[in-house]
Amino acid sequence: MRKDLVSVVRCALFAMARGLFSWVWLRKPIYIQARFSYLHMKYLFFSWLAVFVGSWVVYVEYSSYSELCRGHECKNSICDKYRKGVIDGSACRSLCEKDTLYLGKCLSAKPNNQVYSGGWGDLEGVIKCQMEEIPHNLGAEMEHRKEASPFNKPTKGTSVEKFKEMVLSHLKTKVGEQANLPDLVSLVFSVADYNKDGLISLPEARSTWALLQLNEFLLAIVLQDREHTPRLLGFCGDLYVMEKVPYAPLYGISLPWVVELWIPAGVRRSMDQWFTPSWPRKAKISIGLMELVEDVFHGTFGSFLMCDVSADGFGYNDRHDLKVMDTRHIVPEATFQKAMRERRCDTEEDCLYGADCRTSCDLTKHRCTPEVTQPNLAKACGALKDYLLNGVPADIQEELEKQLYACIALKGSAEQMEMEHSLILNNLKSLLWKKISHTKDS
């Protein structure tokens, strides 16, 4: 009886052990299956998220590109007016008939100002075309505002003498009465008469009038004999072609915005100086910027203010001559002062144009004062400080640093402190030329 009981207990224990083992054996695949299902869902979720984010980025980029890059619309509009005899210019036949002037890579930063790299036969250039009305603000006061019919002036029947009077009056408003206006009008007419037949046709006059509303075109004429402004290669309506600057910007590297967020400002400034020419070549480029300051300050055809003196606005050629990349923010001083007098303000920040042209706010009248608080030279020295001091020879480092900080400290308009302005400018140029004049890199 006892043996039977032991046998029963042993069988029961064996059965329980076997059941437990079977449960564990069955449980393991269920756990593995659940873990696999979790990983599968996690993979699917992140895959879906990546597709969604990627699609959104592509959509945003495409929308931005399609809004910014509308060169085909600009070309079609210009060529349509050319074929109807409304406008004419040196680039019209190449653009609209021969197809030897073509639009390449889109470089536009604003929808109303179409910018493309391009080719014109053997020449490389930058093609610029105006598209839409600029919003009515301070910038609009100093820049071209596209009308419903931008080529309606001069009207049919306008004589050449009458057109000259129109141009003279417009230039007087733009650059002031102190400029040598008769010579400037002659320069404008020499550009307008692209076929050099001694006559200005109505289509040529309409193109010229539209272009004269643009600061960049006006400055290209004013500084056409200077080496620091890209040459005007041709035009058709208010589309124009400028000489391409081979190396741009002046310094700095472009990084994705995600990377930019994680880089401290001090480190970022140091990174901007990694890919620059040798120091003697940087000195030559810097002298070029100082010469540009001289050219636009009380020149033959008036004074101009540099309202965005950043590295992105400048480049250089194979000989390391400085070239202005974007002159839209180099504005006639007379136009700037007139716009500022009419500008309402409550704080100093209301009296800022571009990145660098600032005046003070007269709180008694709530109007901006017309005089800039910092001259062109001080802004140029601020842009060049890190550029020049990085890698500077030890024997001139202390003196160069001293002169640069004295330059940056300049206040008030250059006209008010002309003597000090000229002294600092000449001292800086002399110091740099003396150091590089005997080097092959200069």
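**Disulfides and a helix pair in a predicted model**

Modeller: The torsion about the S-S bond of Cys92 and Cys236 is about 100°, so this disulfide is right-handed. The model is a predicted one.

Biologist: Which parts of the chain does the pair Cys92 and Cys236 link?

Modeller: Cys92 belongs to helix α3 (residues 92–96) and Cys236 to strand β4 (residues 232–236); these are distant parts of the chain, 144 residues apart. The S to S distance is 2.0 Å.

Biologist: Are Cys92 and Cys236 buried or exposed?

Modeller: Buried means under 20% relative accessible area. Cys92 has 0% and is therefore buried; Cys236, also at 0%, counts as buried.

Biologist: How many disulfides does a search of the whole structure find?

Modeller: The search finds 8. One of them joins Cys69 to Cys106, with S to S 2.0 Å. This link is left-handed, with -90° about the S-S bond. Cys69 sits in the loop between α1 (2–68) and α2 (71–83), and Cys106 in strand β1 (residues 101–106). Cys69 is buried at 9% relative accessible area, and Cys106 is buried at 14%.

Biologist: Which residues make the contact?

Modeller: Phe163, Met166, Val167 and His170 of α5 meet Ala205, Thr208 and Trp209 of α7. The contact residues comprise 5 nonpolar, 2 polar and no charged.

Technical notes:
Residues are numbered from 1 along each chain as its sequence is written. This is a predicted model: local features need pLDDT of at least 70, side-chain atom pairs count only at pLDDT 80 or more; totals for chains, interfaces and linings use all residues. Side-chain values use heavy atoms; hydrogens and water are left out. Contact means heavy atoms within 4.5 Å. Helices (H or I, at least four residues) and strands (E, at least two) are DSSP runs, numbered from the N terminus. Ala, Val, Leu, Ile, Met, Phe, Trp, Tyr, Cys and Pro count as nonpolar, Asp, Glu, Lys and Arg as charged, and the others, Gly among them, as polar. A disulfide is a pair of cysteine sulfur atoms within 2.5 Å. Buried means under 20% relative accessible area, exposed over 50%, partly exposed in between (1.4 Å probe, protein chains only).
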